[in-house]
Amino acid sequence: MKCGVVTFPGSNCNHDMIYALGNVLKQEVIELWHKDSDIQNCDLIVLPGGFSYGDYLRSGAIARFSPIMDSIIQHANNGGMVLGICNGFQILCESGLLPGALLHNNQQKFICKNVFLKPSSKTTPITKQLNEEKSFKIPIAHGEGRYFADDKTLKELTKNDQVIFQYCDENGVVSEEVNPNGSCLNIAGISNANKNVFGMMPHPERAVDLLLNNTDGKLIFESLLN
Amino acid sequence: MKNKSSLQIATLDQAIELGLKKEEFQEICKIMGRTPNFTEMSIYSVMWSEHCAYKNSILWLKTLPKDGPHMLVKAGEENAGLVDIGDGLACAFKIESHNHPSALEPYQGAATGVGGINRDIFTMGARPIAQLNSLRFGDIKKDRTKWLLKGVVKGIGDYGNSFGIPVLGGEVFFDDSFDQNPLVNAFSAGIMKVDELISATSSGPGNPVFIVGSSTGKDGIHGAAFASKDITEDSMDDLPAVQVGDPFQEKLLLEASLELSKSDAIVGMQDMGAAGITCSSSEMSAAGGVGMKIDLDKVPTRQDDMKGWEILLSESQERMLVVVEKGKEDEVKAIFDKWDLNCEQIGEVTQGDKLEFFQHGELIASLSPKSLVLGGGAPQYNREYKEPAYYNEFKKFKIEDIEVPKNLVEVGHFLLKQPNICSKKWVYEQYDSMVGTNNISTNSPSNAGIALIKGTKKGIAMTVDCNSRYVNADPEIGTSIAVSEAARNIVVSGGNPSAVTNCLNFGNPYHPESYWQFVGAIKGMSAACKKFSTPVTGGNVSFYNQSIVDGKEVPVFPTPTIGMIGLVDDVEKAMSMNFKNVGDSIYLLGHCKNDISSSEYLYNYHNVKSSTAPYFNLDEEFELHTLVQKLIKNSLINAAHDCADGGLFITLAEMGMTSDLGFEININSNFRKDAYLFGEVQGRVVVSVSNDMQEDFSSLLKSFNVPYENIGKVVENDFIIDNESFGSVSFCKEIYDNALALNL
């Protein structure tokens, strides 16, 4: 698959994503620059984590106005695949490609640690090949990761099978106790109704390398790429 | 008229107010052959401050071992130390303090400390790959301590997380002596290709000089002078001397600088830390034996009508001074334009030893760059030192005066929740520890942080260590211990200690008793660094760490923080500290003694504040390291953890809690139970050994002189000592994990 990884000036997970997709998963990777508008016929556009434009205002609030985003919105509206990780998820919500918003964590602190994810949706490409009995160990690292949406939106997300990942414990049990940031319904990631745009706060690209002793993230990419 | 305040002839009173001594002012007049104007005198006052000139420390720093087979630059020659790690790659690393700013404004103080140290690394052309930090605070029960701790941690987190370099480890220590004056020491390491080194030098008269990065504002003026005086109740008046950080600008500056390092347009570059434009222009000129002419009207400023000396002394962050090869200006401008950063030509390199600053068309300062800098005209002093009375008092401590507590379980639980021992999760979870996907220790906890060098199987092991209490008890031994502990942490993680950077936090150098601590620390550091073949590549000195409360001086515990790196040849052979299998044998390697001196147990459980440093022997320590390296190389152990704060009990508990396994051990009856479990005798490591390794393990041990003892085995759930349960793993973990948060 031809993957385009966008670099905003304050992106800091772009190199990790390029390494994961290119070196580990052996995909063709194109580096896209925020000031460009040509997405070079990529099949999958990835918005990596970081602090796109410093994020002093609200995470992702300025990035949505960058030249490359117009092309990405068009690509998504034509059915092309878009994946946003962490800050990328925030940008997708800000730009309206995904519903809801990401608020400050409920403990008002940045938090970085391994968490466990349960693949909830059975119908989205990013989860469809995942063993739903397994919990996936993936790191989070964010200050604004509390997924919030109104009840109506949450009901729709559930009804349409758009919740892709929920925070759970080691054994796959979803509970408030293991909700790291206060997200509604323990939501860690969602897709749009068409199931071609995906956003998630956890970082699967940080869990693909055997030398780092965790390759659960590789399984998530493989589900999406195959 | 516009330059009136800048051009006014300086007076002795002004000089003294800015921190110069009378003799120094006279020396300046002699060097210049005239009395300096206010701007020139301001420049001397910062360049000759302790912070920039190391005037009271340099003579002793010169005695530290500097040479080693892998050193690529000499100490102090570049912005950071540089070690050859093979394959054409080098590791740049350094530690620096930001204590005084953090005491006033913990958030910005700590944030700009992180910014400054990373800038030192990427100014050389290296991409930072990992950070550590070493923090010290006062009594955790005090509101001021909580405010400082929360602010410092958030400052480090917000800056580093946005900048995008993982924090791999660090230390947090609490003692009342840090109540007013916390210590914030930040370490960064980066990787570069050896041939892409950018030097902090200038050459080629006629070459253009650029300022790049943020605009210059009025923040941090006289910050270097502020850092060179005592923290007092009036220190809040110096708040404008604290800089404000912008990690987004730093990130842009990083990317642009690294693109610049790959071009051939650059002659030299230096970041602007202390004393801003003044320090960078004079140091680069002095290093290259040239002069410089700078027009301050060309410097992008945040506000109008800044005075010449304000522009010169501003410590606004995220700026660099760049000397470019003439004719290649456009190449450089294009790079900074891509990253939307300022890039303004402000002057040019000139012939001769003359640094000239112009404003509004007028020459406002003309000085010799050589006369300003360390190693040139900056003063170097021999200070008087005297053994303080407490040192002999501490030696009077006798273990016999302390009764062995009846309930050792209670002592164990007491120690698990001590702020100096308990999990620092509350702190480190606020730092991004995994960005860059090179942190080996996330899923495989080890004593030192290990960063994978992408594209190879090599790793850089790194650690920061110093037990300030030991150094206070005995500066020389305490500092040898700090170096040894750093080396031990690297060795038990599977690395080979390679080089040291240091951050020397002490009191007022003009007080002979404080200076005695400094001198002792240097001697102890020299001895240990020579033994481990780990030369000192640089670092910084922070004096004046003390508070004056109600007229009485309270110096902080002397704290020579040691930052050490080591090479791990194959990260798949790196050693983790968590127990692996139920049934594995547990061995204690090293000398046991009836010693509880300066332990957390003695100091906080028994409340005995005066005792000597714990037992330590440099030769025994070295042999232990050689043994552990061999055990790891031959795959004869499956976990290793050194005995440090809290003694053997805490070591075993940590090995169990990181794997949710327990242990069952017996106390050697030749020793007092409390000394055996909680004493902090140095030079000891606990390892676990599986059955199939046992035979080769034993035969290797026999070829060494290191004492060893099979103390028990790994079990499923409980911590059991002499058949008595110290609680289940989950119970102890609950105490250990949550203690810090409960205190806040």
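Predicted model: local features only at pLDDT ≥ 70, side-chain atom pairs only at ≥ 80, totals over all residues.
About 2700 Å² is buried between chain B and chain A, and carbon and sulfur atoms give 59% of that area. The size of an interface is often expressed as the accessible area that is lost when the parts come together.

**Between chain B and chain A**

- Chain B brings 36 residues to the contact, while chain A brings 31 residues.
- Two salt bridges are counted between chain B and chain A, and A:Arg206 forms a salt bridge with B:Asp432 in which the closest N and O atoms are 2.9 Å apart.
- Twelve residue pairs are in polar contact across the interface of chain B and chain A, with both residues of each pair at pLDDT 80 or more.
- On the side of chain B that touches chain A, helix 9 (143-163), helix 11 and helix 14 (329-338) of chain B each supply at least two residues, and helix 11 gives the most, with five residues.
- Sorted by class, the residues on this side of chain B are twelve nonpolar, 13 polar and eleven charged.

**The domains of chain B**

- The domain assignment divides chain B into domain 1 (12-55 + 198-372), domain 2 (71-195 + 438-573) and domain 3 (403-414 + 577-743).
- Taken over C-alpha atoms, the centres of domain 1 and domain 2 of chain B are separated by 26 Å, and the contact between these domains takes 42 residues from domain 1 and 43 residues from domain 2.

**Where domain 1 meets domain 2 in chain B**

- Domain 1 and domain 2 of chain B bury about 3400 Å² between them, with 57% of this area on carbon and sulfur atoms.
- Three salt bridges are found across the interface of domain 1 and domain 2 of chain B; elsewhere in the list of pairs, the side chains of B:Asp271 and B:Arg119 meet in a salt bridge at 3.6 Å, N to O.
- Seven residue pairs, both residues at pLDDT 80 or more, are in polar contact between domain 1 and domain 2 of chain B.
- The side of domain 1 that touches domain 2 draws at least two residues from each of strand 7 (231-232), helix 11 (247-261), strand 8 (266-271) and strand 10 (319-324) of chain B, and the largest share, ten residues, comes from helix 11 of chain B.
- By class, this side of domain 1 of chain B has 18 nonpolar, ten polar and 14 charged residues.

Key. Residues numbered from 1 in each chain as written. Chains lettered and ligands numbered in written order. Heavy atoms only, no water. Domains from an automatic or database assignment. Contact = heavy atoms within 4.5 Å. Buried area = accessible area lost by both parts, 1.4 Å probe. Salt bridge = Lys/Arg side-chain N within 4 Å of Asp/Glu carboxyl O. Polar contact = N/O pair within 3.5 Å; in protein donor to acceptor, adjacent residues only side chain to side chain. Helix = DSSP H or I, 4+ residues; strand = E, 2+ residues; numbered from the N terminus. Nonpolar A, V, L, I, M, F, W, Y, C, P; charged D, E, K, R; others polar.
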